[in-house]
Amino acid sequence: MSKPILATTSLAGCFGCHMSILDIDERILELIELVEFNKSPIDDIKKFTKKCDIGLIEGGCCNSENVHVLKDFRENCKILVSLGECAIMGGLPAMRNGIPIKECLEEAYLNGPTVVGNTTGIIPNDPELPMLLDKVYPCHEVVKIDYHLPGCPPRADLIWEALVALVTGDEMKMPYEVIKFD
Amino acid sequence: MKTATIKIIEKYKKDKTRLMDILIDIQSEIGYIPPHAVSQIAEELHMSEVDVEQTISFYHFFSLKPTGKYNIYLNNSAVATMMGRAEVAATFEKELGIKFGQVTADGMIGLFETSCIGMNDQEPAAIINNLIFTKLTPFRVKEIIRDIREGKRVEDMFYASYGDGKNATELIKSVVSNNIRKIGPILEKKNKPGEAIKKIIKMSPTEVIDEVKKSGIRGRGGAGFPTGLKWEFCRMAPGEKKYILCNADEGEPGTFKDRVILTELPRLLFEGMVIAGYAVGATEGILYIRYEYKYLGQYLEDILDKAREKNYLGKNIGGKKGFDFDIRIQYGAGAYVCGEESALIESAEGKRGEPRDRPPFPVEKGYLDMPTVVNNVETLCSVVKVILNGGEWYKSFGTTESTGTKLLSISGDCRYPGVYEVVWGFSVNDILDMAGATKSDVQAVQVGGPSGAIIAPNEFNRILGYEDLSTGGSLIIFGNHRDILADVVMNFTEFFIEESCGSCSTCRIVPSILKKKLEKILNARGVMQDIDDMVEWGKILRASRCGLGQTAANPILSSIKNFRHLYEEKIQKNKSFDSGFDLNAAVKESCEATGRVPYI
């Protein structure tokens, strides 16, 4: 039997969740025994080259590109997992959600105290740039998400155990310490 | 302005627990609560400014920003919408050139929305400077605006005629109608005021409680706790002072029977409070009335004064030594949750109307932490009749579990909306007949207001009573042409979102999530899973602290239970998942802000 194929991406996140993946330390050697990586920053494959079994999504959707990538993942992965706070709830980027986008852009490019040299008063509008969404959306508000792994970032052990459970089909170990509040 | 604030604060003897009254007076004198008033109150009452502000921000009739000289609060209840509110609202906006939530540029007129104001039998209705304007039409709106622009006082504005009964008396002079359609032993004006007081002073307090217990009467606000038992608990609870609070907060959309009692039978109500005071050993009573009924204020104060003159209130009532009891009126300031007894107590103490954790129950630790009975208006009125005619007599009406009679507030699609006093045991069918609803044209009946249940014709044979369909008395009838989901369920859900006190995260969050789901279904983006999610997620609300929170999903849950086909008609049959996400809509705002053409 061929190995399950894994893809990962970071949308509106900080790559902290990917760092946490790397925090599985030497088990990464075990991981590459267990799975094959496809589109992912880990192996730097930019485009899906085949259908995958598992997609790990870090970050929510703050712009149109995030949405396209996420939909691409949904099409190409059997199982999608929201990895971490931002993917699950929007996280820190979602702090802008209560503020109209126009105000955010004006603060960032025109009126903010750190704005220097924008003499033309232009808000970046190059067609190459992704379009910002009216607010930051958690992934499950855009596509169907099968599992949620909470944490900021989720602990390496949690990611490891979840992946192993997904790959082996065994039930995930969820001791009280993992699910208790605070 | 500064001295005005000081005068008001001094009027209430710098008493922190009277903060509501202080704020109400400042709001009506200045039109808002200015920052200097907040600091002054904080200083004089020895509280922090945020404590003052948190009370202000809780109630929607208080404002930290200037409002108009005239403030129009248009009711947005479901029945108002059914009776043509949309046109009325549009006319207000057009005539004034402002949107809801705004004040005209000259600072003259403010236009606001407000939750049900207890006029469901005469909608659309609005409150303008504390006076009620009912049965509004676009034409009537223009007349009102014309009068306002001419600078007329609301009291002097044009009207066709005053309402029936006491509504036309000098101290009320209101266009509100009672619409009493059926009279029973409670609404009957047979007895002279004070008769029951004369009777109880010959009885011991425990005899009074026993008589009330014998009658089997249960709380008429909706929860149905046995009144005699509540009184007994309070009587037995240790405390140097005890209180009787009458709950006239009547905020459940579709309920207006207490308004009619307050208009026509206030003496009966006050007598009921005195009886309760005697029974539990309380010396002070507070009638907590929703601010929407402020137009009855002068009239009620006058009746209290007259009762004091006759010694039905005050010291040594009826000549009985040591029987002291007096009543003060406490107004709310626009918050549905204050109808919940512990929230009502908090509010009467001058705080945010957030429900308390229980136990301890109010009968042990209520108003000012003293043993307190909170009874509904109707309960207290019924008690007077129980005392006069005996518990056995009272029990001769109704059913075994539900003794006596119930005042119903009936509104919606029927010929005779209004107040009906019926003996318990009537079926919904009977009610429809009584109210002149054409049964072939009734799609649904909302029993017990939004927190109750919406039922379909196959359940119209169910019986009103604690053993079957329990109700605080509100029945709203919906004809076949009504869009139950868009006009009723959505309206009720928005009501709960608006009126949540925000204390429990369940009630603060889940109704908003459910509303989004409902919107998605109404926008034809829903799938079967959404309906199942709503049923499942709605259950979480049971974790809320008070009845309001626990029932906040009822409009959705009971309509899914009884009208599931309405939901299923609207969902996508060929899909099992649809997030409802619309990329075009999501990028619109930013493209407009940057001047870009969206490309998807």
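## Contacts and overall form of chain B

Two residues are in contact if their C-beta atoms, placed from the backbone, lie within 7 Å. In chain B of this predicted model, 72% of the contacts between residues at least 6 apart in sequence join residues that are at least 24 apart. The secondary structure of chain B comes to 23 helices and 15 strands. Its radius of gyration is 25 Å, close to the 25 Å that the globule rule gives for 600 residues, so chain B is as compact as a globular protein of that length. The C-alpha trace of chain B spans about 85 × 60 × 50 Å along its principal axes, and 52% of the 600 residues of the chain count as buried.

## Domains of chain B

The domain assignment divides chain B into domain 1 (2-58), domain 2 (70-160), domain 3 (182-395), domain 4 (406-482) and domain 5 (485-570). Between domain 2 of chain B and domain 4 of chain B, the C-alpha centres lie 29 Å apart, and the contact takes 4 residues from domain 2 of chain B and 7 residues from domain 4 of chain B. On the side of domain 2 of chain B that touches domain 4 of chain B, the residues divide into 2 nonpolar, 1 polar and 1 charged.

## The interface between the chains

Where chain A meets chain B, 17 residues of chain A are in contact with 14 residues of chain B. The elements that give two or more residues to the chain A side are helix 3 (64-76), helix 5 (101-111) and strand 6 (132-137) of chain A, and strand 6 of chain A gives the most, with 4 residues. By residue class, the side of chain A that touches chain B divides into 11 nonpolar, 2 polar and 4 charged residues.

## The parallel sheet of chain A

Chain A holds an open sheet of 5 strands in the order 2-1-3-5-7, with parallel pairing; its edge strands, each of which pairs on one side only, are strand 2 (36-37) and strand 7 (147-149) of chain A. Strand 5 (residues 77-83) of chain A pairs with strand 7 of chain A in the parallel sense over 3 bridges, and Ser82(A) stands opposite His148(A) in strand 7 of chain A. Helix 3 of chain A, one of the elements on the side that touches chain B, lies across strand 1 (5-10), strand 3 (52-58) and strand 5 of chain A, and runs at about 135 degrees to strand 5 of chain A.

## Sheets of chain B

In chain B, 4 strands form an open sheet in the order 9-8-7-10, and the pairing is parallel. Strand 9 (326-331) and strand 10 (372-376) of chain B are the edge strands, each pairing on one side only, and the twist averages 20 degrees from one strand to the next. Strand 7 (residues 243-248) and strand 8 (residues 284-289) of chain B pair in the parallel sense over 6 bridges, with Gly285(B) in strand 8 of chain B as the bridge partner of Ile244(B). Helix 12 (residues 266-280) of chain B packs on this sheet and touches strand 7, strand 8, strand 9 and strand 10 of chain B, while its direction makes about 150 degrees with that of strand 7 of chain B.

The pairing around strand 13 (residues 442-447) of chain B is antiparallel, with 5 bridges to strand 15 (residues 474-479) of chain B and 3 bridges to strand 14 (residues 453-455) of chain B. Strand 13 of chain B is mostly covered, since 5 of its 6 residues are buried. The bridge partner of Gln446(B) is Ile476(B) in strand 15 of chain B, and that of Val447(B) is Ala453(B) in strand 14 of chain B. In the hairpin of strand 13 and strand 14 of chain B, which has 5 residues between the strands, Gly448(B) takes a positive phi near 85 degrees.

## Backbone exceptions

Most residues other than glycine have a negative phi, and most peptide bonds are trans. In chain A, a cis peptide bond joins Cys152(A) and Pro153(A), with omega about -10 degrees, and Pro153(A) has its place in the loop between strand 7 and helix 6 (156-168) of chain A. In chain B, the peptide bond from Pro359(B) to Pro360(B) is cis, with omega near 0 degrees, and Pro360(B) lies in the loop between helix 14 (341-348) and strand 10 of chain B.

Asn130(B), a residue other than glycine, has a positive phi near 75 degrees and is found in the loop between strand 4 (126-128) and strand 5 (131-133) of chain B. Asn130(B) is partly exposed, with 17 other C-beta atoms within 10 Å. Ala524(B) has a positive phi of about 65 degrees although it is not a glycine, and its place is the loop between helix 19 (505-522) and helix 20 (528-538) of chain B. Ala524(B) counts as exposed because 11 other C-beta atoms lie within 10 Å, where the cut-off for exposed is 12 or fewer.

Note on methods: Residues are numbered from 1 along each chain as its sequence is written. Chains are lettered from A and ligands numbered from 1 in the order in which they are written. This is a predicted model: local features need pLDDT of at least 70, side-chain atom pairs count only at pLDDT 80 or more; totals for chains, interfaces and linings use all residues. Ala, Val, Leu, Ile, Met, Phe, Trp, Tyr, Cys and Pro count as nonpolar, Asp, Glu, Lys and Arg as charged, and the others, Gly among them, as polar. Domain bounds come from an automatic or database domain assignment. Two strands pair if DSSP finds at least two bridges between them. Axes are lines fitted to C-alpha atoms, for helices over the stretch in contact, and angles run from 0 to 180 degrees between N-to-C directions. The radius of gyration is taken over C-alpha atoms; the globule rule is 2.2 Å times the number of residues to the power 0.38. A residue is buried if 20 or more other C-beta atoms lie within 10 Å of its own, exposed if 12 or fewer, and partly exposed in between; C-beta atoms are placed from the backbone.
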